[in-house]
Amino acid sequence: MQKAMIEVNNLSKVYHSSGVGNTVISNLNLRIYQGQFVVIMGSSGSGKSTLMYMLSGLDKASGGEIWLHDQPIHQKKEKELALLRRDHVGFVFQDANLIPNLTVLENILVAGYLGAGSKEEIRRRAEELLQQTGLQEYSHRLPAQLSGGQQQRVAIARALANAPQVLMADEPTGNLNSATSKKILDLLTAFHQMGQTILLVTHDIRSACRGQRILYFQDGGIVDELTFDHEKSTAEEREKPLTDWLLEKAW
Ligand code: ADP
Ligand code: MG
């Protein structure tokens, strides 16, 4: 059996405010393998973002274990976690959050330069990412001169600048219209086909159809999983079974 890229054992998260504990995650177990496109669904406030932040070491777990590529995230100090995130995890959020006074190319390069690769390597990779994201002709523009969808493409290129083991995207199309969302999803699909491991949080059925494993998150844990064989169905064909599956959960 292949070793999991991300392994979570008995994870829990409790937020405390004015003496009251709010358990957001309890007893959660999860394994994600290299090259998988995993989707997390679940109602708003169920803890999806919290889970992602803990997986990447952005937030501390209250209990349990998280292993990322043999590294025990749950035992690391903040400094080590920062390095781990820098080298192994790429993040995309709902907002692109690009640096406004840097060009598209510079936004990608800056992310790359923070990593461990040589300057030439980073430059080569940035050029490659510009091409893969269809942004070559925009490379010298500032973020404000781009549409929302184009900005999100830059955010994806930036997240991949250090060739991370896993790309985590938290509602990356949440602010985009459906035509623009489709382009972003096509891009994620293309990177997945090139071997990129992806973890996507979404409440959008169309987005979720791009995944191979759909995890349903409820009451602090993963309560169900739907798997799709990408060789046997198109994303469109997966919409109906996914919708039915979600309806069973009183979606
Ligand atoms: P989702 O991403 O599924 O919408 P979140 O992970 O953002 O859910 O939040 C899960 C729950 O944890 C919510 O009830 C939210 O209010 C609570 N929560 C999230 N972040 C914090 C925080 N920093 N302090 C206290 N409670 C939080
Ligand atoms: Mg969230």
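Two strands are said to pair if DSSP finds at least two bridges between them. Helices (H or I, at least four residues) and strands (E, at least two) are DSSP runs, numbered from the N terminus. The model described here is predicted: local features need pLDDT of at least 70, side-chain atom pairs count only at pLDDT 80 or more, and totals for chains, interfaces and linings use all residues. Residues are numbered from 1 along each chain as its sequence is written, chains are lettered from A and ligands numbered from 1 in the order in which they are written, and side-chain values use heavy atoms, with hydrogens and water left out.

**Sheet and loops**

Strand β1 (residues 6–17) is joined to β2 by nine bridges in the antiparallel sense; Glu7 has Arg31, in β2, as its bridge partner. These strands belong to an open, antiparallel sheet of four strands ordered β2-β1-β4-β5. Its edges are β2 (20–32) and β5 (71–72), each of which pairs on one side only.

The loop between β1 and β2 contains Ser18, whose phi is positive, near 40°. Ser18 is exposed, at 74% relative accessible area (buried means under 20%, exposed over 50%, partly exposed in between, with a 1.4 Å probe and protein chains only). Asn97, in the loop between β6 (89–92) and α3 (104–113), also has a positive phi, of about 50°, and is exposed at 57% relative accessibility. Most residues other than glycine have a negative phi.

**Ligand 1**

The table gives polar contacts, that is, pairs of N or O atoms within 3.5 Å.

| Residue and atom | Ligand 1 atom | Distance |
|---|---|---|
| Tyr15, side-chain N or O | nitrogen | 3.3 Å |
| Ser46, backbone N or O | oxygen | 3.2 Å |
| Gly47, polar backbone atom | oxygen | 3.0 Å |

Taken alone, ligand 1 exposes 560 Å², of which the protein buries 55%; accessible areas come from the Shrake-Rupley method with a 1.4 Å probe.

**Arg153**

Helix α5 (residues 148–159) includes Arg153, which is buried at 15% relative accessible area. Leaving aside residues up to four places away in sequence, Arg153 touches Thr133, Gly134, Leu135, Lys183, Ile184 and Leu187, contact meaning heavy atoms within 4.5 Å. Leu142 lies eleven residues from Arg153 along the chain, and their C-alpha atoms are 13 Å apart.

Definitions and conventions. A polar contact is a pair of N or O atoms within 3.5 Å; within protein, one must be able to donate a hydrogen and the other to accept it, and residues adjacent in sequence count only if both atoms are side-chain atoms.
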